[in-house]
Structure formats: C-alpha cells, structure tokens
Amino acid sequence: MRVAVRLPHAERSAASKASAMSHAARCALSGLFPAQQAVFDAWMKAGLGLDPAAPGGLLTPAGIGRAQAASMLDF
C-alpha cells in the first residue's frame, strides 16, 4: 500500500528540493558506478556543502532523495 505525503510548505523550499535531488543523484550514480562513490561523496561535501551520509528519516530531503534513487535503480 502506498501513501501520498505532502510536506508542510516550509519544508518544500528550493534548498530542500535541491538537497533531495542531490542525494538522489549521488545515490543513483553510486549504484551505477560504485567504484566512484568517493568522488561523488567529495563533490557533495565540497561542491554542495551537503553531507552524503546525513542521517535522516524518510521524510527528510536526504531520505526522499535516497528513496527516489532506489526506486529508479530498482526499475
């Protein structure tokens, strides 16, 4: 069973969306090119100022991005 979730407006900012997309890209690229994961992690830290290993629940930008990437990789 799937449940649609809409986050509060404050959590749908441009920064949150960019963070979710960045985490999704890192996860997808790491899944496709596992030998390059350190490069993707370094780019997220230095280039974007994001922690690639940020803990977060399913409804955080990192969690949403990881879930989307996992769905795409499974597809």
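Me: Where does Ser-30 lie?
Reply: Ser-30 lies in helix α1. Bear in mind that this is a predicted model.

Me: Is Ser-30 buried or exposed?
Reply: Ser-30 counts as buried, because its relative accessibility is 9% and the cut-off for buried is under 20%.

Me: What is Ser-30 in contact with, leaving aside its neighbours within four places in sequence?
Reply: With those neighbours set aside, Ser-30 is in contact with Gln-37 and Phe-40.

Me: And how far is Ser-30 from Ala-69?
Reply: Going C-alpha to C-alpha, the two are 10.0 Å apart in space. Along the sequence, 39 residues separate Ser-30 and Ala-69.

Me: OK, Cys-27 next. Which helix is that in?
Reply: Cys-27 sits in helix α1, which covers residues 14-32.

Me: Which residues does Cys-27 contact, beyond its neighbours within four places in sequence?
Reply: Cys-27 is in contact with Arg-66, Ala-69 and Leu-73. For another distance, take Leu-58: its C-alpha is 14 Å from that of Cys-27, and the pair are 31 residues apart in sequence.

Me: Which residues make up helix α3?
Reply: Helix α3 is residues 61-74. Gln-68 is found in helix α3.

Me: How accessible is Gln-68?
Reply: Gln-68 has 49% relative accessibility, so it counts as partly exposed. Exposed would need over 50%.

Me: How far is Gln-68 from Gly-56?
Reply: Their C-alpha atoms are separated by 14 Å, and the two residues are twelve apart along the chain.

Me: Changing topic: where's Gly-49?
Reply: Gly-49 is in the loop between α2 and α3. Gly-49 is exposed, because its relative accessible area is 62% and the exposed class starts over 50%. From Gly-49 to Leu-29 the C-alpha separation is 18 Å, with the two 20 residues apart along the chain.

Me: Let's zoom out. How many helices and strands does the protein have?
Reply: There are three helices and zero strands. From the N terminus on, the order is α-α-α. The radius of gyration is 13 Å, close to the 11 Å that the globule rule gives for 75 residues, so the protein is as compact as a globular protein of that length.

Me: What does the C-alpha trace span?
Reply: Along the principal axes of the protein, the span is about 35 × 30 × 20 Å.

Me: What about contacts between residues at least 6 apart in sequence?
Reply: Among those contacts, 54% join residues at least 24 apart.

Me: And how many charged side chains, positive and negative?
Reply: The protein has 7 positive and 4 negative side chains. The centres of the two sets lie 8 Å apart.

Note on methods:
Residues are numbered from 1 along each chain as its sequence is written. This is a predicted model: local features need pLDDT of at least 70, side-chain atom pairs count only at pLDDT 80 or more; totals for chains, interfaces and linings use all residues. Side-chain values use heavy atoms; hydrogens and water are left out. Helices (H or I, at least four residues) and strands (E, at least two) are DSSP runs, numbered from the N terminus. The radius of gyration is taken over C-alpha atoms; the globule rule is 2.2 Å times the number of residues to the power 0.38. Contact means heavy atoms within 4.5 Å. Lys and Arg count as positive and Asp and Glu as negative; His and the chain ends are not counted. The place of a charge is taken as NZ of Lys, CZ of Arg, CG of Asp or CD of Glu. pLDDT is the predictor's confidence in each residue, from 0 to 100. Buried means under 20% relative accessible area, exposed over 50%, partly exposed in between (1.4 Å probe, protein chains only).
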